Amino acid sequence: MNKFILLFSIFCATTLANKDISAQTNPSQKCGFDRMIDYQDLLFTGYKENVSATYRSFLDRANNRQNISSKTTLVIPVVFHVVWNTSTPTQNLDDSVLIEQIAVLNEDFSRSNTDAANTRSEFLPIVSNADIQFKLACFDPHGNPTDGIVRVQTTELFGDLTFQNFSLITNIQRTANGGSDAWNTSEYLNIWVGDINRGIASPALLGIATPPVGLSNWPVNSIPPEFNDGIIVQFNAFGRNNPNPIAGMVVNGRVVTHEVGHYLGTRHCAENTYNGANGSICTDDDGVIDTPTCDQSAQDCDMNRNSCLDVIPGTTSDLHDMVENYMDYSNQECQNSFTVGQTTIMRNVLQNERASLLTSPGISNCGTNSIHEKDGNSEFTIYPNPSNGSFTINTPNNSIVTVKNSLGQIITPSITTKDNKTALKIETKGIYFVKIESNDHTVTQKVIVQ
């Protein structure tokens with residue numbers, strides 16, 4: 001078992017073209033985890049030893065293989081802080097991109113993602129549905145209706161690729177420094193979206209997440225003061241319909257899935273991220289029994305890779321490296337699964353250290369005050385969905401209907417309204433987002449034209 005805890009997880013990736021960061025002491029290093037551990041140990045004597053005891057509490061919960069077959073769905077309230085630079089308006093991501101990221105999270109944490117079918121048969125006995133869902137907040141910390149999206153225009157640049165001055169990254173979390181102040185972090189999952197690579201075309205750092213706090217044996221004040229609790233994501237590594245591409249990289253929303261996994265207490269499948277510089281370290285893994293041991297990530301989708309001898313309970317043979325795992329460093333397009341141990345950790349963290357999220361006023365009695373895909377209590381309904389392009393919308397009087405395509409561009413469909421019913425006709429196949437506004441109510445729903 002690794003003696004280090006992922007106290008502060010940094011998922012920092014180079015593009016497939018292996019763009020190096022010249023300021024790093026090890027240019028091939030993908031993740032800044034070791035830098036954070038060393039930084040913490042300098043600040044707090046005995047940090048490395050103390051966090052080992054803390055992480056064991058996570059492992060004990062997971063490795064006991066608690067029965068999670070009969071469980072309730074746990075819902076996390078989310079607020080997106082979109083911080084965009086005046087010089088680059090495309091950083092101001094459209095609502096449709098934010099909604100699709102929520103959809104990706106809901107699919108991945110319920111194992112309803114379509115690519116779950118790509119999980120190799122050897123891993124089917126150990127993969128699991130976390131039964132965790134995510135919903136954009138409908139009330140802010142002051143009780144005011146909201147769509148769960150904060151947009152801040154800034155002239156500031158964020159980021160420090162040397163990881164020597166964390167405040168240069170976390171300024172995005174503070175209004176006074178050109179960013180956006182956090183909402184109550186005990187009641188909302190705050191996700192900041194912006195450029196955290198100082199305008200570099202090929203970003204090296206894709207995301208950062210803080211772990212759960214308040215654990216027994218946790219060193220006092222061990223979260224660096226620079227960081228607010230939550231997740232920070234590079235704007236063009238966000239969502240799966242993002243109109244801002246990253247050269248050589250498939251972006252499908254899994255960066256956020258990975259970071260939420262850290263936020264809920266899970267670690268990388270392999271903590272050794274030196275690309276072979278330290279040789280094979282098969283004992284240096286996440287310590288969870290049912291995640292196959294691997295000595296380090298190859299940062300690809302090699303289905304034949306088997307770096308360590310490892311037979312998992314419930315399986316019959318040595319397993320390959322699990323590039324399907326969301327917490328691996330494999331490419332996003334081959335990730336599709338959490339294991340039973342990982343989902344047990346996350347659910348336990350959510351019902352203990354992060355339990356206040358589950359009683360947040362941010363998603364209580366939302367009604368139609370929120371932006372979402374579909375709400376059974378909504379006064380707006382769109383049907384049939386999917387369809388051949390013809391939809392009917394039940395709306396109250398004086399509603400405004402706006403339709404955008406998957407890139408956030410407004411389209412002009414055929415719309416006719418009669419007796420509180422709106423007939424909507426979209427001619428071209430694809431995914432669209434229908435926004436319906438009536439007085440102080442706003443609902444956005446994804447529709448599919450087949």
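Which residue's side chain does K404 meet in a salt bridge? Select K404 and D94: their side chains form that bridge, at 2.8 Å from N to O. A salt bridge here is a side-chain nitrogen of Lys or Arg within 4 Å of a carboxyl oxygen of Asp or Glu.

**Before going on**

This is a predicted model, in which local features need pLDDT of at least 70, side-chain atom pairs count only at pLDDT 80 or more, and totals for chains, interfaces and linings use all residues. Residues are numbered from 1 along each chain as its sequence is written, and side-chain values use heavy atoms, with hydrogens and water left out.

**Whole chain**

Show the protein as a cartoon. The secondary structure comes to six helices and 17 strands. Helices (H or I, at least four residues) and strands (E, at least two) are DSSP runs, numbered from the N terminus.

Now colour by burial. Of the 450 residues, 58% are buried. Buried means under 20% relative accessible area, exposed over 50%, and partly exposed in between, with a 1.4 Å probe and protein chains only.

Switch to a surface. The protein exposes about 17,600 Å², and carbon and sulfur atoms supply 49% of that area. Accessible areas come from the Shrake-Rupley method with a 1.4 Å probe; for residues, only the protein chains shown count as cover.

Next, contacts, meaning heavy atoms within 4.5 Å. Among contacts with a separation of 6 or more, 71% are between residues 24 or more positions apart.

**The largest nonpolar core**

Select F109 and F134. In the largest nonpolar core, which has 43 residues, these two touch the most other members. Such a core is a set of buried Ala, Val, Leu, Ile, Met, Phe, Trp, Tyr and Cys residues joined through side-chain atoms within 4.5 Å.

Widen the view to the elements around them. At least two residues of this core come from each of β2 (74-85), α3, β4 (132-136), β6, β7, β8 (231-234), α5 (254-263) and α6. β2 gives the most, with five residues.

Centre on F134. Leaving out residues up to four places away in sequence, F134 touches I76, V78, I102, L105, N106, F109, L189 and V260. A second, separate core has 17 residues, including V79, I169, I172 and L205.

**Helix α6**

Select residues 340-351, which form α6. The helix has twelve residues and reaches 16 Å from its first C-alpha to its last, close to the 16 Å expected at 1.5 Å a residue. The expected span is 1.5 Å times one less than the number of residues.

Is α6 mostly covered or mostly open? Mostly covered: eleven of its twelve residues are buried. Among them are V340, M346, R347 and L350.

**Salt bridges**

The count comes to ten salt bridges. Go back to K404 and D94, the pair with side chains that meet at 2.8 Å. K404 is in strand β12 (residues 400-405) and D94 in the loop between β2 and α3, 310 residues apart. K404 counts as partly exposed because its relative accessibility is 22%. D94, at 18%, counts as buried.

Move to R354 and D229. Their closest N and O atoms are 2.8 Å apart. R354 lies in the loop between α6 and β10, D229 in the loop between β7 and β8, and 125 residues separate them. R354 is buried at 5% relative accessibility, and D229 is buried at 15%.

Then pick R305 and D321. Here the closest N and O atoms are 2.7 Å apart. Both R305 and D321 are in the loop between α5 and β9 (338-339), 16 residues apart. R305 is partly exposed at 21%, whereas D321 is buried at 3%.

Finish with a network: E100, E107, R240 and K446 are joined by salt bridges that share partners.

**Backbone stops**

Zoom in on the loop between β10 (381-383) and β11 (390-394), where P384 lies. The peptide bond from Y383 to P384 is cis, with omega near -15°. P386 is in the loop between β10 and β11 too. The bond from N385 to P386 is also cis, with omega near 5°.

Which value does phi of R111 take? Phi of R111 is near 50°, positive in a residue other than glycine. R111 is in the loop between α3 (95-108) and β3 (127-128), and counts as partly exposed at 21% relative accessibility.

Last, select R198, with phi near 55°, again positive in a residue other than glycine. R198 sits in the loop between β6 (189-194) and β7 (205-209). At 41% relative accessibility, R198 is partly exposed.
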